[in-house]
Amino acid sequence: MHIAKASILGIPVAQINMEQLLTWVEKRIEERQPPAHVVTANAEIIYRAWRDQQLAHLIQQADLITADGSGVIWAGKKLNTPFPERVTGVDLTQRLLALAAEKGWQVYFLGAKPEVVEKAVLRVLSQYPNLQISGYRHGYFSKQEIDQVVANIHMVKPQLLFVALGAPRQDYFIRENLTRMNVPVAIGVGGTFDVLAGTVSRAPKWMQKWGLEWLYRLCKEPRRFGRMLALPRFVWAVWQQSKNLQN
């Protein structure tokens, strides 16, 4: 399955819609292909990778990078390499959970606070009673406990691993342990478990449609203001990239 990619500040982001991505995941699982790492990349993490060569190298090694965020969608248009749609970690997780329940795939949840991941699992099971959850664990583990976490995931053999440790920690964890875990598809999903648990609400549909989800989250969590400063810097860097392409 050939997937075109757009280079956003050196990060190869897949020009793929949700249905194509679900087909890609299903193919990897059903055909027992080698373990795959999926990155859901927003403007903040792409800008951070642009400034951090080690992080950039890690993300570039991922098997698939999705356009998660209105800033990335804007960048695609600005660089004349548009994306068919935004594919966020939350939306992807919810669609994959429904598909996993249908296909009989095992899933594993790793990350968030203990009470959050537990509530997320219970709410997901109430929505998808047939879903097979092979295990879950909160994200507050030490470096010394990583081997134990990895060994447990390998032992229960899920087909899908959702890692909600926050970026870029979740992607470092997946990249460094992908082979040992031997999970067909591992995805970094950021704050998705909070949404699944109901402890954090998503922006209204109209705000999502107009690319204002970031504003909604900022109003709900003012402490994110420092992180949001990456957005105008990202815009400036992409503008510079577009100017360089024209020269």
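A residue is termed buried when its relative accessible area is under 20%, exposed when it is over 50%, and partly exposed in between, as computed with a 1.4 Å probe on protein chains only. The model shown is predicted: local features need pLDDT of at least 70 and side-chain atom pairs count only at pLDDT 80 or more, whereas totals for chains, interfaces and linings use all residues. Residues are numbered from 1 along each chain as its sequence is written, and side-chain values use heavy atoms, with hydrogens and water left out.

**Figure 1. Overall composition of the model.** The protein has 13 helices and eight strands, where helices (H or I, at least four residues) and strands (E, at least two) are DSSP runs numbered from the N terminus. Of its 247 residues, 49% are buried. Contact means heavy atoms within 4.5 Å. Among contacts with a separation of 6 or more, 74% are between residues 24 or more positions apart.

**Figure 2. The buried side of helix H4.** Helix H4 spans residues 70-78, and its buried residues are Val 72, Ile 73, Ala 75 and Gly 76. These residues lie on the same side of H4 because they cover an arc of only 160° around the axis; the arc is that of the directions from the helix axis to the C-beta atoms. An α-helix has 3.6 residues a turn, so residues three or four places apart point the same way. The cover over the buried residues of H4 includes strands E1 (5-8), E2 (11-14), E3 (36-41) and E4 (64-67), together with helices H2 (43-51) and H13 (230-246). After H4 comes Asn 80, whose phi is positive, near 60°.

Figure 3. A nonpolar core is a set of buried Ala, Val, Leu, Ile, Met, Phe, Trp, Tyr and Cys residues joined through side-chain atoms within 4.5 Å. The largest such core holds 39 residues, of which Val 25, Leu 96, Leu 97, Phe 109, Leu 160, Phe 162 and Phe 193 touch the most other members. Two or more residues of this core come from each of helices H1 (18-30), H5 (89-103), H6 (114-127) and H9 (192-197) and strands E3, E5 (106-111), E7 (160-164) and E8 (185-188). Apart from this core lies another, of 29 residues, including Ala 6, Leu 9, Ala 56 and Phe 83. When residues up to four places away in sequence are not counted, the residues touched by Phe 109 are Leu 97, Val 117, Val 121, Val 124, Ile 133, Gly 135, Tyr 136, Arg 137, Phe 162, Phe 193 and Leu 196.

**Figure 4. Salt bridges.** Five salt bridges are present in the structure, each being a side-chain nitrogen of Lys or Arg within 4 Å of a carboxyl oxygen of Asp or Glu. One of them joins Arg 95 and Glu 19 at 2.6 Å, N to O. This pair links distant parts of the chain, with Arg 95 in helix H5 and Glu 19 in helix H1, 76 residues apart. Arg 95 is partly exposed at 35% relative accessibility, as is Glu 19 at 44%. Glu 31 and Lys 27 form another salt bridge, at 2.9 Å, N to O; Glu 31 is partly exposed at 47% and Lys 27 at 33%. A further salt bridge, at 3.1 Å, N to O, pairs Arg 180 with Asp 147. Arg 180 lies in helix H8 (169-181) and Asp 147 in helix H7 (146-156), so this pair ties together parts 33 residues apart in sequence.

**Figure 5. The surroundings of Gly 89.** Gly 89 lies in helix H5 and is buried, with a relative accessible area of 4%. Gly 89 and Thr 40 are 49 residues apart in sequence, yet their C-alpha atoms are 5.8 Å apart in space.

Figure 6. Most residues other than glycine have a negative phi, and most peptide bonds are trans. Ala 112, in the loop between E5 and H6, has a positive phi near 70° and is buried at 15% relative accessibility. Asn 182, in the loop between H8 and E8, has a positive phi near 55° and is partly exposed at 47%. In the loop between E7 and H8 is Pro 168, which is joined to Ala 167 by a cis peptide bond with omega about 5°.
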